[in-house]
Structure formats: C-alpha cells, structure tokens
Amino acid sequence: MKRKLILINPVGQKSGLLLSKFSAYPPLSLAYVAALTPDHWDIEIIDENIAEFSYKDADFVGITSFTANINRAYEIAAIYRNKGIKVVLGGIHASVLPDEAVNYVDAVVVGEAELIWKKVIEDFENNVLKQKYNGPAVPLRDYHILPRRDLLSNKYFWGTIQTSRGCPFGCDFCSVSRYLGKDYRQKKTEDILDELEKIENEYIIFLDDNLVGYGKSSEENAIRLFKGMQKRNIKKKWCMQTSINTGENEEVLKYAAKSGCIYALVGIETISKESLKDMKKGINLKIGIDNFKNIIGRFHKYGIGVLGAFIIGNDYENMKYFEDLSDFIVRAGVDVAQITILTPLPGTSLFDRLQSEGRLKHTNFPDDWVKFRFSHLVHEPKGINEKEIYNGNNYIKSRIYSPYIFLFRMIKSLFSLKRFHSFIAIYHLNKAFKKGWENSHYYNMP
C-alpha cells in the first residue's frame, strides 16, 4: 500500500495579483519535490491559489512558503501536527529563519530541496527525521529533472519554467543572493528546450530572477536558447524577468522577440539617484536615469512590452517625487507599472540595517510577518511619513488608471509595440494590477 504525501501551497490573504488568473502562477517548487519523491508514495498538491484548504489525511506533509504567508503555513502545519502527522517546511522564509520555523514544524529544509529531499524521505520512513536539512546549491548544468506538472492545477493561465538560479548582485532589498547564492547557475540549453516542448500551456513565464543573466556569456546563452526555440518551432508566447541593461543588447531583444517574448519585467525601481545608491542598484546607476526612456524604447522596437517594477517608501521621497514618477511612467511609455512599498524582508541587508537602526515598525514575529507583503509600510522612513507614502501610492495609481490616462497609455503601448499578442498581455496585466490596487487596504484611505 502506498503512503500519502501532501504538498501544500498556502495563501494567507488572497489579495493583490492573486486576484487575477492572469497574474497568479502555479507552485513549481512543489512539482519539483513531487518529481523527486519515490514511486511508492502517492502525491497530491493542495494549492490555496485555486481553492481554500480542506483537510485531507496524509502520512507526511510538505509546505512551501515565503514571508507574507508564513503564518498561514504555520497554521496549516499545526492542523496536521495536532493529528500526529509530521510536517516539513521549505521555501525562502524557512531558509533564512530556520530557528523560527522549527518551532512550528517537525523539519525544515534550508536552501534548495532537490539534492536533500531523498534523505528527508528516507529519514521519515526510518522514523529518524531531523529538525534541519541543508540543501546544497544544485549544479543545474549537470542535474536536470522534469517537475510533476501533471499535479498542478490546470486552471492556471500561465505555464512556468525555471532555467537558472543565483545572482551576483547584492541589491539591498533582495534576498536572492543569500538564498540561492551569488553564482549564476544555468541549465543546459537542450535540457531547457526539451522541457519547453513538454509544457502544454501556450503562454509561458520564465521564473528566473534574470533570464538573460549577467555578462556576455550569459547573454550568448540566452540568444542560443531563443534561437533554439525558433529552430524547434516551439510556438510559445512568453515573458521574463531581467535587468534594465538587457535593453542595451539589441541582439538579445531581437531573438527574444522572434522566439515569442511578449513582455519583460524590468527592475527600474526608482527615478531617484539617491535611492538607487541606497538600493545598491549599480547597473541602473550605470545606465543612468536619463537613459531609462531610451532603454524602454529599445524593448518596444522589438515588440516587447515593459512591465516596470518600481519601489516607493524610500527615504526622502515627497509628493513632488510621486508626481515626477507618475509623469515618468506615462511619458517614458512604461506599459505596466508594478508599484510596491519598500519591504525589508528577512534575509536582506535592508532588513538587517533597519533592524539595527531600530526603524522596523512591526517586530512581533512571527505574527507581524503578515504585514511584510509589499503593500504595508513596515519601517520608519526618513523625511516622509506613512500617510504621505500611502497618499503618494494612491496618487500615482489614480493617475495612471484614470480613464483618460489609461486610454492614452494603452493607445501608446499599441502603437509602440505593433504586436497584438504583446498588447493584449499588457492590457490584461494593467487590469490585474488595477484590480489589486482597488482591493488593497490603502485604496479607500481618507
């Protein structure tokens, strides 16, 4: 008789981008864990993105989580542990705060699960489960498995794939380099192409933190991948995350567009030189704020939309800055604006710095982790207060989503991109972001 493993993707509060199927993505990490589980286990994935949690009996439970939904993960873990069922927790939050996590689960996987999961299962079966397992960085070029996508819900619009891990940069607000390491590791191009051919979705999101990578060799690998997609006639419409300097290499953009790229999430972050310095965004500083519009224009030249990621809530912002930022979004032709509030996540140098300076507003952990969700101000900025930041956020969004400006932006995107599929994606993303804002806690602030 097979044993039962349940893998859970918890959602603490279904808000923001989770409200739209166009901006919610399946939990690929759980599909990887499922693929590594021995055949004598029956596996099921419970995904709260799709349906509310309903208890199902199991022999063993695995949960993934990030900071904003970690309390929901602890809550679900308690349900199973109260019935004598052991629970293992993984993901970025548990990896950076394992000493917290072990108080709420039976075992924690720190780091990447692939090379340690077999040991976790063996120890569970032998009743010698340890509290902590350290998963080493996976040598992606020499190690390739196909995730169990058959266990993921078919209600998702997007298919997902990951081709690389790690980041050599040390952006102040980001924990990727601490969680996945500073070495940029990539899968073999042929392995990626083989996997892409097996994904049934027409629309694909590359989950890499930076698909194009860092440096000339990484850019050449990206071009090789894009050419391979064309050669194999892999007809997908896809999007990626990448750095702003990708816009300097038109060969990358040309082949990305030819292989089906419809938009790119680009970390613009801010139009303040001082804030870029605080964020340690060296690449953006090197490009130069005055050149951001030209970079966006290069993406548009090849029909690739720009989802510009911006962070507000930095020190010394004011209403004039929010006005300037909204002007920039419209005039520079940013097709979609992702505007979040600066959030010092655990595992980042930003968190460490603000904690040491006594500038964190909410420190009753783990309860207060629910506030660390990119829409709450959780620290004390200098030179600006909380209400001004929320008002600034509302000002920008009420302007870019106002009927006249929204229509102007969409017409501008249509004529800039000259590609119907790119424009349709841009339109739906704007609707998803607008819906997320309208359901946020600060939307109806006086």
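Predicted model: local features only at pLDDT ≥ 70, side-chain atom pairs only at ≥ 80, totals over all residues.

Visitor: Where is N249 found?

Guide: N249 lies in the loop between β11 (237-242) and α9 (250-258).

Visitor: And is N249 buried or exposed?

Guide: N249 is buried, because its relative accessible area is 18% and buried means under 20%.

Visitor: Let us change topic. How many cavities of 30 Å³ or more does the structure hold?

Guide: There are two cavities of 30 Å³ or more.

Visitor: Which residues line the largest cavity?

Guide: The lining of the largest cavity consists of H300, I329, V330, G333, V334, D335, R409, M410, K412 and S413. Two elements, α13 (319-331) and α16 (403-417), each give two or more residues to this lining.

Visitor: Which element gives the most?

Guide: That is α16, with four residues in the lining of the largest cavity.

Visitor: What is the make-up of that lining by class?

Guide: The lining of the largest cavity has four nonpolar, three polar and three charged residues.

Visitor: Which residues line the second largest cavity?

Guide: The second largest cavity is lined by Y32, E114, L140, Y143, H144, I145, R165 and K187. By class, its lining has four nonpolar residues, one polar residue and three charged residues.

Definitions and conventions:
Residues numbered from 1 in each chain as written. Heavy atoms only, no water. 1 Å grid on protein atoms, 1.4 Å probe; cavity = no way out; pocket = protein on both sides within 12 Å on 5 of 7 lines; lining within 4 Å. Points joined across faces, edges and corners; volume = space filled by probe spheres on them. Nonpolar A, V, L, I, M, F, W, Y, C, P; charged D, E, K, R; others polar. Buried < 20%, exposed > 50% of the residue type's maximum accessible area, 1.4 Å probe, protein only.
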